[in-house]
Amino acid sequence: MTDVTSAKTARRSHHWRRDVTELAALFTAVAVADAIANLIGHQPDGPYLLIASAVALAVTAAFHTWWARRHSHAPPPTRNDIISDSDSLSHRTDAAATVLVTTPTAAGPALSPEGTVLWRMRTTVRDIPGSLAALCVALARHRVDILTLQTHPLAEGTVDEFLLRAPAPLQAQQLSRAISAAGGGSTWIERADAHDLVDAPTRILGLATRAALDAAELPLALRQLLGRCTIHSLPTVSITGRATGETAPAEGMPAETVMRLRDPSGGAITIERPYLPFTPTEFARARALVELDARLGPRAPRSKQVLTLPEGNEITVRRADGSDVEAARAMHDRCSEHTLRLRYHGPVRDADRYLDHLLSPRFGRTLAAQTASGRLVALGHLLWDGDETEVALLVEDEWQCRGIGSELLGRLVTLAIEAGCESVYAVTQASNTGMVAAMRALSLPLDYQIEEGTLVITARLDATPVRSLPPYEQAGR
């Protein structure tokens, strides 16, 4: 936008100088003509010479006008011409390219951020010159600015994805009707926020960086890449040891609203978005992220933070992964049956079976608390469950009621907020007073639901400020 403004300023300055120069030349020509007329007008052939001079001047002026319009003084192209050219070009460029466009307003000055809202809109148009221009004109009539534009080529047609700044009174239904009248089909609109102002290549590179630093980021990166969708990681072997038969081709399997990708850790990753079909461009981007994860292998941030408990003991909080399975099993052996039953809600003998699943970064994030000697005394899990997020805690009997569970739970909620989760829930029993007290200590709106003796506590995270991440998480950002 700065380049466009500079060009306009230079053009106005150029026109001003040109006008003054032409005015000066006009006065000079009049003075010269008057002198010549006085000099030769009284000669016998004077009138004929003046007529010949007038004809020569007229021919010269006509030639000058023709030459100027063909060369440097040709009038600048209109904005509609620019949009039409951009339309033809953008629908023939690479699908991953991002085009920045600003539409003219139909009347009045440009919109200011005050009194406006941001919208994300996606619509399908025919891949012909002028189709994008028609959409831009329709948006301009409603004084809507196009901040960014991405094109997703299809076998027939093109999906155009916009980030728009529109007047606050303009409703989504009005915008959708205007786009439909301009030739757009299958239009989808939702509210956007300031985070969407980052251009697509920068956002995708940021997601790739996060996934490269932490294997647990892959599901979150895919969700942020593809918008509101449901992601399931399906292992090849269930927790009970039975084969699930879940797999996907190495190159992935795209469908209209379902995408299946081979999970590098085994099994398949299924992504569903019923309200909006996936485009080939989105499938290629998602597959590239999964391939990056496969090449980098298992990884997790290794930073730690030492905390001092009220009685003076020090514990270290860090991320845990599959390498901590043996230490977690040893902690199970030290826990009472009552503690394990409150945590796993099932037969105590099956507790060890869950550890491979719980400590896998594909299904969530796990925080571990260990003593100065390196003994694991507590685990806190943040588990991705489709569209929902579960939190769970296990604290060794000797270390209960010392604030470790509350500390882990607070950090897990912080991670959930940073990941964009709207809520977290804990499945426990009413007799588990420690977990209930830890959830209440979050100072968040809580919903309680009891089903067949099981208590489900849901904490709503909407509009909750994100507290600073601990150092072992900041290192991965």
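## An aromatic pair and a helix contact

Tyrosine 344 is buried, with a relative accessible area of 9%. That falls under the 20% cut-off for burial. The model is predicted. Tyrosine 354 is partly exposed, at 26% relative accessibility.

These two residues belong together. Searching the whole structure turns up one aromatic pair. It joins tyrosine 344 and tyrosine 354: their ring centres lie 5.4 Å apart and their planes meet at 5 degrees, so the pair is stacked. Stacking requires planes under 30 degrees apart. The pair links distant parts of the chain, with the two tyrosines ten residues apart.

| Residue | Location | Relative accessible area |
|---|---|---|
| Tyrosine 344 | helix α10 (residues 337-344) | 9% |
| Tyrosine 354 | loop between α10 and α11 (355-358) | 26% |

Next, a helix contact. How do α6 and α7 pack, and at what angle? Helix α6 covers residues 200-213 and helix α7 covers residues 217-226. Their axes are 9 Å apart, at an angle of about 170 degrees. The two helices are therefore roughly antiparallel to each other. The cut-off for that label is an angle over 145 degrees. The crossing of α6 and α7 is left-handed.

Which residues meet in this contact? From α6 come Arg203, Ile204, Leu207, Arg210 and Ala211. From α7 come Glu217, Ala221, Gln224 and Leu225. By type, the residues of the contact are five nonpolar, three charged and one polar.

Technical notes. Residues numbered from 1 in each chain as written. Predicted model: local features only at pLDDT ≥ 70, side-chain atom pairs only at ≥ 80, totals over all residues. Heavy atoms only, no water. Axes fitted to C-alpha atoms, helices over the stretch in contact; angles between N-to-C directions. Helix = DSSP H or I, 4+ residues; strand = E, 2+ residues; numbered from the N terminus. Parallel < 35°, antiparallel > 145°, perpendicular 65-115°, else oblique. Left-handed = near helix turned anticlockwise from the far one by under 90°. Contact = heavy atoms within 4.5 Å. Nonpolar A, V, L, I, M, F, W, Y, C, P; charged D, E, K, R; others polar. Phe/Tyr/Trp six-rings, centres within 6.5 Å; stacked < 30°, edge-to-face > 60°. Buried < 20%, exposed > 50% of the residue type's maximum accessible area, 1.4 Å probe, protein only.
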